[in-house]
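Me: I'm new to this one, and I'd like to know what stands behind each label. Could you walk me through it?

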Amino acid sequence: MIDLIWLIPLLPLLGVVINTFFGRFLSGKASAWLATLLVGIAAALTLVTIFQVRGLGEEFGGETVTLYRWMTAGDFSVTLSFLVDQLSLLMTMVITGVGFLIHMYSIGYMAHDPGIRRYFIYLNLFVFAMLMLVLGDNYLLMFLGWEGVGLCSYLLISFWFSDTVNADAGKKAFIVNRIGDFAVLLGIFLTWTTFGSLAYADIFGSIEAVSAGVLGLITFLFFVGCTGKSAQIPLYVWLPDAMAGPTPVSALIHAATMVTAGVYLLVRSAPMLDEAILISNFLTRDLVAWIGVLTALFAATIALTQTDIKRVLAYSTVSQLGYMFLGVGTGAYIAAIFHLFTHAFFKALLFLGSGSVMHGMEHGHHAISHGQPAEADDHATDEHGHADSFDVQDMRNMGGLWQKMPATAWTFLIGGLALAGFPLTSGFFSKDEILTLTQHGGYNLLYVIGIVTAFMTAFYTFRQFFMVFWGKPRTEAAAHAHESPSVMTVPLMILAAFALLAGLIFGLPLEDGVFHHWLEPLLYGLGHHEGEGYHLPIMASLAISSIVAIAGIALAYLRYGRRPAETVGEATAKGGLLHALSYNKWYVDEIYHALIVRPYELLAAFSARFFDRFVIDGAVNGVAKLLSVGGGGLGRLQSGFVRSYALGIVSGLFIIGFVMFLTIPNELRNYFSQLGTPAILTFVVGLGLLALILWTTLRPRKTVEAAADPITHTS
Amino acid sequence: MEALTTITTTHYLILSAILFSLGVLGVLMRRSAIIAFLSIELMLNAVNLSFVALARDLVSLDGQVVVFFVMTVAAAEVAVGLALIVAFYRSLGTTDIDEAHELYG
Amino acid sequence: MSALIFWLLSIVAIGAALVLIFGRNTVHGVLAMVVNFAVVAVFYLMLQAPFIAAVQVIVYAGAILVLFLFVVMLMGNDPGPLWEHLAVQRPAAILLVLLLIVALVPMMDVRNLTGVTATLIGPEFSDPASLARLLYSEYILPVEVTALLLLAATVGAVVLGRRGAYRTKREEVLDLDEVV
Amino acid sequence: MDFFTSGFPILTVLIFLPLVGAIITAILPDDMAESSALAFTVLTALLSLFVIFGFDPTRADFQFVERYNWIDAISRQGESLFKVEYLLGLDGISLWLIPLTTLLMVLSVWFSSDSVTERKKEYYAFMLLLETGMLGVFVALDLFLFFIFWEIVLIPMYFLIGIWGGSNRIYATMKFVLYTMAGSALMLAAIMGLGMVNLVSPSGTGQIAFAFDKLLPVMQGLPQLAPTLATLPANAAMWFFLAFALAFAIKVPLFPFHTWLPDAHVQAPTAGSVILAGILLKMGTYGYLRFALPFFPEPARDFAPLFALLAIIGILYGAWVAYAQKDIKSLVAYSSVSHLGFVMLGIFALNAQGLSGGILQMINHGISTGALFLLVGMIYERRHTRDIDAFGGLWKIMPIYAAFFLITMLASVGLPGLNGFVGEFLALLGAFAANPWWALFGTLGVVLAATYMLRLFNKMFFGPVDRDENRGLLDLTRKEVALLVPLVILMVLIGFAPNLFLDPMQPSVNALVEIVNGNAPSIGMLP
């Protein structure tokens, strides 16, 4: 199956082509099922390939399947070829696996939306681009996927484009991603100029020959790209706004797959990352670790006070990605990938859960406002831009949904536990492994920050859980909400099973479970090194993580669970400065707008309106005007008076005489100079010039007043 | 003192230079067409004088031949010139050259 | 003796030229030119160019100036307003001519021009016969051309002089049918 | 393929077929004009296909060469003093410009069949004459002949914009023609200069000649020869280079000389804009590749940083000025300034990747901007306005139009997988190899490109349908779809299989790189 690897990305592409060109002949539902089926087959193929590779045992180092020569110019050459190895297969499994579940869930979720075919075309295109990203065997093919997913996230975020808020959110996502891609592009250029090739095999084969500084620069550029794609500190601003897209999109793209592309890129370039030194002793990996942990902390603080159900999860994703980068930064590559793996499942679960909650709330809302059962109307206006501005996503309007939507509630609880890192859940194992390895690597400060963030994660997760499911419904809509159809709850259950058991199946025994053996051959000997200083025993760090998680849940219960707020007003937290800061996302968006967007628009307006038109164009038109004015001026020189022309002729005589005198060869000159004493000649020269000045300045103006009319002699 | 008594070619040349310059002055200053035309004749004459002086000086008749041609040309010129002046007069009613200044700009 | 004549006559010549330039009356100007041409004729004689002197007197003084007189008679003597509206003309002209004199005179030293010192030559130098022989041997082409030129000039003068060939602007404006 | 070795003058026929077409169209009655013009353009397009298939991608020298004496002044002693040759030839660099020209001509003639109503005959006659001029520029190898075609192109363009243009067309067309003429006047002087140098130079052919192969060896020796000659200034090569460079810079347009482009585009009729952006701008960059670089390698290397800087300014400046535009066409015009900035950056990287990227980007820009102008023309036919704010929510009303606009926009923004990316990537890669800072700022242009294109797309296609004039718009007709499909196919084809286009270029590009680096061309350029 390995050499048929190209089938896997081809299937979603096939879906796109069929639905685009022959979509008219299929009903909305049919094209949806077609798209889901194709991704399902791709998932199955991946599974088969994985087992085949496991069969080959440890020494399977990855195989390249080349299709054709993509781009050659001079000595630069790149082929369109796929790399089949443990890492790429794992990522493919995540993409196609989670992707399949989300496709199925979307059939139910988007059932009533008229643009359903367009939605599934984009979703398939996204899966295709993501597969190209992970399966590509060189950085350029990876980049093709990298920008492809950027495009799909733009299209999907602004899916309900009739509302400008969504369109702008999509545009913001695309442009911020593009800034990241700018850095990746530069990284690719630098890679090619240093290594002479872009294929991973060639590059990682000749790492030693290259100086650590250059490697540092390459990895730094790639990391800047990753902060764009995986929403880390400087370039994370697009992810929270990306919630404007349909919820399954948020689940698939902004939780499970696309945002993990950054982590994949760094882990893929692990050989480079290990040797990369930024400045003297500050490694690129240190930068990655610090940015990761700071992002985790920062995003967690914002998530604490958000009221929109999806924004909490968005900031939680940014935070969990921070953990993954922390893992990469401290060299715990396998742990980071493991966390990526588990996070994909439980975060997708939480997003789909919240989607199901919103779905229920809508039906509840419709039930009361129109008095008749919720008929299929345009989904677009439902979820956003409500005519009567009832925000289905606002947790303050929810409450007590436990009884109304038991299945969603239970799966949401499991997802929450995993996210919070409740002992034995998948999140617990993966997050704890990163924290322990961080501590073992000697990064104690990072460990402490990590633990604090874990506590906050547990708190806001269960704050969300209690606000949504606990207590009594705070609004009529919540009272009338009811469970989503099975096509949506079944994927929830599957994901919930994964969220619970993934840790146990793959994680145990710690650090050499199934997962680690799978990735070992690829990442062998890379990354993790035992830092000096005190090493927490494994069991101790496990205990600390559990305590922190449970404490967070308990605090959330105390605050939100025991006496759940009865009314919406009560639910809106009244907080001081800190609360305002957190709720308004530390005003980062406003700062970016003021520092970057506004000056750029002013510059654009200035150069377009003023500089281009008056300065450059002005210069061009100025030259034209100059010529016409000059012509006019010279014209006036012809005064019409014959005698002034005669005067001109005589003074011209002197000027020419003077010029000839200057230019005649010297032996003739001294011949002439004998004629008259030199004094006379200089006198002549002087007067000649005077004549010129006299003639041109004082030439007769045309105003000949009071001259009698020559013919009739009358004035 | 000897320059005063023996007249050399240079004297004639200087005289012709002076006459020539006066001719130029006449052309530049006077507004009457006839006077200007006469000044031109004067200038031509001055040149003839210098030709003859140099012809004598270089003992070659070519100078005089040239003068002969200059004279014929001058005659032709006067004929046409005067006809023009008459036409000018008939057209503009005056011989003042400054009146004809429509051709400007 | 001849030096005295030269100085006297040159003063007369220059005086006549000045009369022409600064005289108010056109007729006085023409008469002054007659005197000037006569003096120059004498100079030609002194320079042993008798034929040229004769031609000068007959052609220049006789024909051309008489023609001028006719024209002056025809047009009457209207000096017109002496007031000079071309402000710059008069001073500039005087200045330039002074400049011209100052520039030309020092250059007229014949020794430098011809590189040969002036020598007096014998009377037979320029009798009309030798001049005619030269004229019709070497310069035959120019002679023919000037003949043609003279023909053209006469035809030109006749055409320009004809009356009524065109209605001058003056006639249109005053609607004169009878030409002045 | 004996057809080509049989000496059939394919290039001559290719150039003058449109001319014949122009004459016939002018003769035929008005209503026949459009069909005859279409027939001739399609015929020329087919002929250009012959050229592509007959082209041998392995040879670096010129192919399909035709060489006849045109002006030959023989002195009494029998040796020719002044010789202008009718010299045509095609190599890797100019290969793809031919089909691009003929394709865009077919599309623009077909498009204007319903948008141009009055004075049809003249319109199509001028279009065909324009095609002759353009094709001539790309195949002429004698400087004199090149200059003639270079000027011929201006005349029809002047009338096309002048008669069928928008409201302020006289100013725009006057500015366009005079601006280009000013530049080419300098070039004419330089051409004459080169002719003289050929006369004087020992390695020349002792006559005033302008043929490419005669001048090339002379140019190699010029920097050493110039100081020895009294008549030429010591750095004559530099001055000649600058004269050529200025004429081409105005045409490209390079940064400071670009102000004529937006005016010309806004006032030009749709078909005129397609040709103006698609092909006329490429004459400038082609000029650098064919004449400025090979003839003056040393000055080219010395001035490469300056031109790279101007290119980068062009990229960034074009981008943010485009961001602030209100009229779609001027936005696309400034985007052309930005895109051609990439081409120039690629060219003046002076290495194989940069040059290949630059040449490919010329083709890509022709395709994507040609498509963009067709799209703008289509919406203009419906709404008769180009003001961006007049549109909103078009996706819901004209989904097919929106889909085509989306693909074209993505191609011009340089999304990997479409044509724009390949050209820009190679150009920037070459620039990076030449000087990393160039590539740094050049790549910034890629980000800015996204800003103005997305702003345009979101404003036109997303958002609520707030204006009722937009409500009634009907989607693309079959003809309009047929117009855009070939371009979209090319976009995807170049995106995924650029080697089809890159491989034939390589030998000529390598030869050019060799010459520019100062060593004489290893192969004889012309038979």
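Reply: Let's start with a term: two residues are in contact if their C-beta atoms, placed from the backbone, lie within 7 Å. This is a predicted model, where local features need pLDDT of at least 70, side-chain atom pairs count only at pLDDT 80 or more, and totals for chains, interfaces and linings use all residues. Residues are numbered from 1 along each chain as its sequence is written, while chains are lettered from A and ligands numbered from 1 in the order in which they are written.

Me: Which residues does C:N36 touch, not counting residues up to four places away in sequence?

Reply: C:N36 touches B:L42, C:A13, C:A16 and C:A17. C:N36 has its place in helix α2 of chain C; helices here are DSSP runs of H or I with at least four residues, strands are runs of E with at least two, and both are numbered from the N terminus.

Me: Why is C:N36 called buried?

Reply: A residue is buried if 20 or more other C-beta atoms lie within 10 Å of its own, exposed if 12 or fewer, and partly exposed in between, with C-beta atoms placed from the backbone. C:N36 has 28 other C-beta atoms within 10 Å, so it counts as buried.

Me: How far is C:N36 from C:I140 in sequence and in space?

Reply: They are 104 residues apart in sequence and 31 Å apart in space, C-alpha to C-alpha.

Me: How many residues of chain C are in contact with chain B?

Reply: 76 residues of chain C are in contact with 69 residues of chain B. On the chain C side, α3(C) gives the most, with 12 residues. By class, that side has 54 nonpolar, 17 polar and five charged residues. Ala, Val, Leu, Ile, Met, Phe, Trp, Tyr, Cys and Pro count as nonpolar, Asp, Glu, Lys and Arg as charged, and the others, Gly among them, as polar.

Me: What makes up chain C, and what makes up chain B?

Reply: Chain C has eight helices and zero strands, and chain B has four helices and zero strands. Buried residues make up 26% of the 180 residues in chain C, and 67% of the 105 residues in chain B.

Me: How does the radius of gyration of chain B sit against that of a compact globule?

Reply: The radius is taken over C-alpha atoms, and the globule rule is 2.2 Å times the number of residues to the power 0.38. For 105 residues a compact globule would come out near 13 Å, but chain B has 18 Å. Its C-alpha trace spans about 55 × 30 × 25 Å along its principal axes.

Me: What makes α18(A) largely enclosed?

Reply: 11 of its 15 residues are buried, so the rest of the structure largely encloses α18(A). Among those buried residues are A:F412, A:I414 and A:G415. For α5(A), 19 of the 19 residues are buried, so that helix is largely enclosed too.

Me: What is meant by the largest nonpolar core?

Reply: A nonpolar core is a set of buried Ala, Val, Leu, Ile, Met, Phe, Trp, Tyr and Cys residues joined through C-beta atoms within 7 Å. The largest has 438 residues, and A:A499 is one of those that touch the most other members. Helix α15 (residues 333-370) of chain A gives the most to this core, with 19 residues. Apart from it lies another core, of 83 residues, among them B:L13 and C:V39.

Me: Why do β1(D) and β2(D) count as paired strands?

Reply: Two strands pair if DSSP finds at least two bridges between them. Nine bridges join β1(D) to β2(D), which run antiparallel, and D:I74 stands opposite D:S80. Two bridges join β2(D) to β3(D), which run parallel.
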